[in-house]
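Here are my notes on the model, point by point. Please read them with the structure open.

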Amino acid sequence: MGKRAKKNTVKVTQLRGRLSAKTILMYALYVALCVASGGVFQGNVAFGLFVGAVYSANPIIACVVYLASSIVYGWTSLLHAGVKAAVIMLFVVIHHFAKRKIGKLHLLLYLALANVFYLVYSFVDYFDLFDKFVYAAIGIAFSYVCIYVFRALFVRGLNYRPALDETVCIGLFTVVCSYCLSQITFGQLQLIYFVAPFAILFAVVCFGDKVALTCAALIGLGNVFATGGYECCVYCVIAALSAVTLSKVNRYVGALAVLIVDVLMSYFLNLHGDFSMLVFAPTFSSALVFVVIPTSVYKRIRDYCSGNSERYLSKSVAQKMGDTVSRRLYRLSDIFLSMKNAFFTMSASGVTPEEAEKAIVKQCSESVCRDCANRTRCWRQEIKQTEQNLLQLSVCAVKRGKCTILDVPQALSVRCDKVSAIISEVNAQAQIYRAYRERAETADNGKALLGEQMGGVSNLLMQLASDCKNRTSYDHTHEQELIEKLVFHNVLCSGAVIAQQKEIVTAVLTVAKNDLANEVIEKVVSNVLKQNMVVERVENTESDTWVNVFLTVKPRYNVTFGVSSVAKDGNEISGDTHTVTLTDNGKCIVALCDGMGSGDKAEQMSATSISLVESFYRAGFDNDTILSCVNKLLVGSGNEIFCAVDVVVLDLYNGLADFIKLGASSGLVKNDGKVEIVSGSSLPLGVLEEMKPSVTKKALIEGDVVVLVSDGVADCFNDPDALARIFADVSLNVPQSIAEVILTKALRQCNNKPADDMTVVVAKIA
């Protein structure tokens, strides 16, 4: 059956399952109804119950109960039940081991096959055969009714309102049950009067007035079909009206009202035939059971069945929680912003070169000139000239890292006997200062990098706070409609939440794990919400039976891409790297990084840069923060390897794209056969501590093609226009083919001997 079986299929419960209170209740109801209906329509009603139990309970237990209940009605009934059960169980086992669901049409075929022996075995005449056909059809139809009823009541639960088809099936099920019970009597006592009063009172207390009145009418209708009389139907309706009215006082008064109605109708309308105390025993027993059950039990059932209102309450609580989280995020954003400012303030310049030059002069006077015979003349009589000469020498040492004999002023070399010692001391002090400056710059770069990151985190928290603060609206009408339509398509759904924040619509569904069908769910949700919705993710719940399915609006655009590359002639590894990734906020990042140079080292720095860019974008940071942080990391690495970065950030919902270039070659955009050049003027990453990327904004539409190339490809042509003309002449539509054609033509321009790594990335908006 494969994927096609996911439509119009129903789930067979696994052969082994856990026993719970709800399961025990289902088994008890199933056993009672099987015993009561074994003789109705020659056992076909009990067959329908068996089929419904197979789909909602343990098939083996369902089979045993079905066969055991048929023994009461004779060996012929047992024979028919045994053959029917054997056929159904055979196909259940086959589908279980094949791990395939039983489709509705397949089920119809299996039910028909199960009734073949019943139809052909020992019929008297054609009238009897016709009756068997009618009874078999009733049994088959009732099988589908029982599947929906058992699934709605015991699999999905009563804390969500049944779908329309489930409601109809529950009504039919109630009529059939009443029909079966109305045919069972014990002397003058009718079993229906043991059940009807309790059912009416229970419905009033747990489900409300409308459900109670409907239940009473359906029970009465089943009795009319079974007996041909209207007395019980009239009693059920009047008893329901009395219970609905007087139960508002308390439930005990409602129970008394049901009993009084029975007494009055027996006295004036001869409801039970003979007027005696015995005929009131069924109604009295039913009302007594209702009264004896503690109020807390009814309250728990009522609360459980009012699950929808609790869900709506939780939504308002979630909104308030969002406001609280928003305030906390705003405070955290302010803290990170203060930390950013603190790190930038701490990045002080330290000792300046001018201060270092003066300190070197002082150090020379104290160390080299301390025991010199000419100290008095140099540092007292000609102190200004001496300081000026040494300062000039120190400037050369600080600026170039060291000084030589050629840098010594003539006046100093003529009268000083310790020129070599002075040069040595000046160079030593200059090296100390150089090492100090490198440590200070490294520390300052680290502080600046941390400051940039803190600022980025501050902006990110600010955005999250804004998202949490935005009011979320819920669509309760469509939520219930969604549940009903999913159930109609055989996807068991126990709850749905449709939330909208700003213009973003999200749907969260709780569906049965075995009924999970993404295609069906997407189609149904899209039809209900009038938007193209897609499954974003599926999460497990605390239960092994249910999963949460998250759906979001499908982006307007999609991106397909192709890449073609070749390493520099003589190298096996290319220094160019690329990435195409989707973010959680509906953006597509297409990036090409060209590590300056070639080989392993260029490839390593290029891969590191592109990985950082991708990670920052997926985290939700803005363009400036991302590129600034990556640039500072490269500057602070000390490897003097630079990376040209070409990034396209495309919003898949509106088609707006940012073309971000840092030392990268011009990009190309083809729209309806026309090619446009997108150029930039910024330096590559890692050249300067402070950089400003070149950003070009464009609106892209379906069918547009974007081409990014590394320097190795661009250098094969005289100018970007030549590459644009080649791209314009390409009539292919597949991105991978376009990339290969452009790279092939670029290689021809350089005689198939690439002087640099060559990469072409092509992205098409679909």
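1. Which residues of α4 are buried? They are Ser-77, His-80, Ala-81, Lys-84, Ala-85, Val-87, Ile-88, Met-89, Phe-91, Val-92 and His-95. Buried means under 20% relative accessible area, exposed over 50%, and partly exposed in between, with a 1.4 Å probe and protein chains only. An α-helix has 3.6 residues a turn, so residues three or four places apart point the same way.

2. A word on the basis. This is a predicted model, in which local features need pLDDT of at least 70 and side-chain atom pairs count only at pLDDT 80 or more, while totals for chains, interfaces and linings use all residues. Residues are numbered from 1 along each chain as its sequence is written, and side-chain values use heavy atoms, with hydrogens and water left out.

3. The overall picture. The protein chain has 27 helices and 19 strands. Helices (H or I, at least four residues) and strands (E, at least two) are DSSP runs, numbered from the N terminus. Of the 766 residues in the protein chain, 46% are buried. Contact means heavy atoms within 4.5 Å. Among contacts in the protein chain with a separation of 6 or more, 70% are between residues 24 or more positions apart.

4. Back to α4. This helix has 24 residues and reaches 34 Å from its first C-alpha to its last, close to the 34 Å expected at 1.5 Å a residue. The expected span is 1.5 Å times one less than the number of residues. The buried residues of α4 pack against α2, α3, β2 (102–103), α5 and α6 (116–120). Just after α4, Lys-99 takes a positive phi of about 55°.

5. Ala-114 belongs to α5. This residue counts as buried because its relative accessibility is 1%. Beyond its neighbours within four places in sequence, Ala-114 is in contact with Phe-47, Lys-84, Val-87 and Ile-88. Ala-114 and Ala-86 are 28 residues apart in sequence, and their C-alphas are 8.1 Å apart in space.

6. The largest nonpolar core has 46 residues. A nonpolar core is a set of buried Ala, Val, Leu, Ile, Met, Phe, Trp, Tyr and Cys residues joined through side-chain atoms within 4.5 Å. Tyr-30, Phe-47, Leu-49, Phe-50, Tyr-66, Ile-88 and Phe-173 touch the most other members. At least two residues of this core come from each of α1 (21–37), α2 (44–56), α3 (59–71), α4 (75–98), α5 (104–114), α7 and α8 (164–182). Another core, of 32 residues, lies apart from it, with Ala-199, Tyr-235, Ala-255 and Phe-290 among its members.

7. Consider Leu-49. Not counting residues up to four places away in sequence, Leu-49 touches Tyr-30, Leu-33, Cys-34, Ser-37, Phe-142, Cys-146, Phe-150 and Phe-173.

8. Helix α7 (residues 126–156) has 31 residues. From first C-alpha to last, α7 reaches 44 Å, close to the 45 Å expected at 1.5 Å a residue. α7 bends by about 25° at Phe-150. The bend at a residue is the angle between axes fitted to the seven residues ending there and the seven starting there. Asp-125 caps the N-terminal end of α7, with a side-chain oxygen 3.2 Å from the backbone nitrogen of Phe-127.

9. Phe-123 sits in the loop between α6 and α7. Not counting residues up to four places away in sequence, Phe-123 touches Asp-128, Leu-129 and Lys-132.

10. Strands pair if DSSP finds at least two bridges between them. β15 (residues 667–671) and β16 (residues 674–678) run antiparallel, joined by five bridges. Lys-670 has Val-675 as its bridge partner in β16. Two residues lie between these strands, and Asp-672 in the turn has a positive phi of about 55°. Antiparallel β8 (residues 533–540) and β9 (residues 546–553) are joined by seven bridges. Val-535 stands opposite Leu-551 in β9. Five residues lie between β8 and β9 in their hairpin.

11. Check the positive phi values. Most residues other than glycine have a negative phi. Phe-41, not a glycine, has a positive phi of about 50°. Phe-41 lies in the loop between α1 and α2 and is partly exposed at 24% relative accessibility. Asn-751 has a positive phi near 55°. Asn-751 is in the loop between α27 (735–749) and β19 (758–765) and is exposed, with a relative accessible area of 62%.

Conventions
A polar contact is a pair of N or O atoms within 3.5 Å; within protein, one must be able to donate a hydrogen and the other to accept it, and residues adjacent in sequence count only if both atoms are side-chain atoms.
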